[in-house]
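Please examine the sequence and the three-dimensional structure shown below. The paragraphs that follow lead through the architecture, the helices, the salt bridges and the surroundings of individual residues.

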Amino acid sequence: DWCKHTNFELDTHSPLIISAPGMEVAGQQTDALVEFVDIYPSLCELAGLPSPNHLQGKSFVPLMNEPNQEWKQVALSQYPRQRGEVMGYSMRTDRYRYTRWQDTSGVTVAQELYNHESGPVAYQNLATSTEYADTVQQLDDLLMEEWARSLTTN
């Protein structure tokens, strides 16, 4: 069952291939960050339908039209461990994957930081390294900011 549901890069990084009729720019590729919650609003826009107000995602149709534009700074994921007693909140940036593990009372019990600059697979957790202390703090602050933002609707 390992490698099906985790907050690690192996499970959360997946290709997204979209084909839509009438696109002026076709066959393009981008490294921009998108999330599964972005699919619904994108399909609504492509179909010319209004997006329901409760959606949390952001349509990536503008990205399909201009693949090299500035886009999302982060992609978020969440997955529990220890039978739901600890929740992992994870964030991917263009360079790092940062995960904060919290118990049910909200206390941080562990942190993970992986530098994916050298490639898609990173094995060394850098969160406890003094060299990365400022990075961990900046990413933790960004995670909490982005997580709060993700809970608001359009």
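Which residues form a nonpolar patch on the surface? The patch consists of L16, I18, L43 and L46, which together have about 290 Å² of accessible area. One of these residues, L16, is found in the loop between α1 and α2.

The overall architecture may now be considered. The model is a predicted one. The protein chain contains four helices and four strands. Read from the N terminus, these elements follow the order α-α-α-β-β-β-β-α. The chain has 154 residues, of which 36% count as buried. The protein chain exposes about 10,300 Å², and carbon and sulfur atoms supply 50% of that area. Of the contacts between residues at least 6 apart in sequence, 41% join residues that are at least 24 apart.

Just after α2 comes G48, which takes a positive phi of about 75 degrees.

The next element to examine is helix α4. Helix α4 has 18 residues and reaches 25 Å from its first C-alpha to its last, close to the 26 Å expected at 1.5 Å a residue. Its buried residues are T135, V136, L139, D140, L142, L143, E146 and W147. What covers these buried residues? The cover includes the strands β1 (75-81), β2 (86-92), β3 (96-103) and β4 (108-115). T135 lies in helix α4, which spans residues 133-150. T135 is buried because its relative accessible area is 18%, and buried means under 20%. Leaving aside neighbours within four places in sequence, T135 is in contact with Y96 and L113.

In one of them, K72 is paired with D38, and the closest N and O atoms are 2.8 Å apart. This pair links distant parts of the chain, since K72 is in the loop between α3 and β1, D38 is in the loop between α1 (9-12) and α2, and the two are 34 residues apart. D38 counts as buried because its relative accessibility is 0%.

A second salt bridge joins the side chains of R100 and D140, with 2.5 Å from N to O. This pair also links distant parts of the chain: R100 is in strand β3 and D140 is in helix α4, 40 residues apart. Are the two partners buried or exposed? R100 counts as buried, at 11% relative accessibility, and D140 is buried as well, with a relative accessible area of 9%.

Because R149 and E145 are four residues apart in helix α4, they are separated by about one helical turn. In general, an α-helix has 3.6 residues a turn, so residues three or four places apart point the same way. R149 counts as partly exposed at 45% relative accessibility, and E145 is partly exposed with a relative accessible area of 44%. Elsewhere, salt bridges that share partners join E35, D38 and K72 into one network.

V74 lies in the loop between α3 and β1. Is V74 buried or exposed? V74 counts as buried because its relative accessibility is 5%. Not counting residues up to four places away in sequence, V74 touches L33, E35, M91, R92, T93, L142 and E146. Among these, L142 and E146 also belong to the buried residues of α4. The C-alpha atoms of V74 and S90 are separated by 9.9 Å, and these two residues are 16 residues apart along the chain.

Conventions:
Residues are numbered from 1 along each chain as its sequence is written. This is a predicted model: local features need pLDDT of at least 70, side-chain atom pairs count only at pLDDT 80 or more; totals for chains, interfaces and linings use all residues. Side-chain values use heavy atoms; hydrogens and water are left out. Buried means under 20% relative accessible area, exposed over 50%, partly exposed in between (1.4 Å probe, protein chains only). Contact means heavy atoms within 4.5 Å. Accessible areas come from the Shrake-Rupley method with a 1.4 Å probe; for residues, only the protein chains shown count as cover. The expected span of a helix is 1.5 Å times one less than its number of residues. A salt bridge is a side-chain nitrogen of Lys or Arg within 4 Å of a carboxyl oxygen of Asp or Glu. Patches are made of residues with over 30% relative accessible area and no salt bridge: like charges are joined within 9 Å, nonpolar side chains (Val, Leu, Ile, Met, Phe, Trp, Tyr) within 5 Å.
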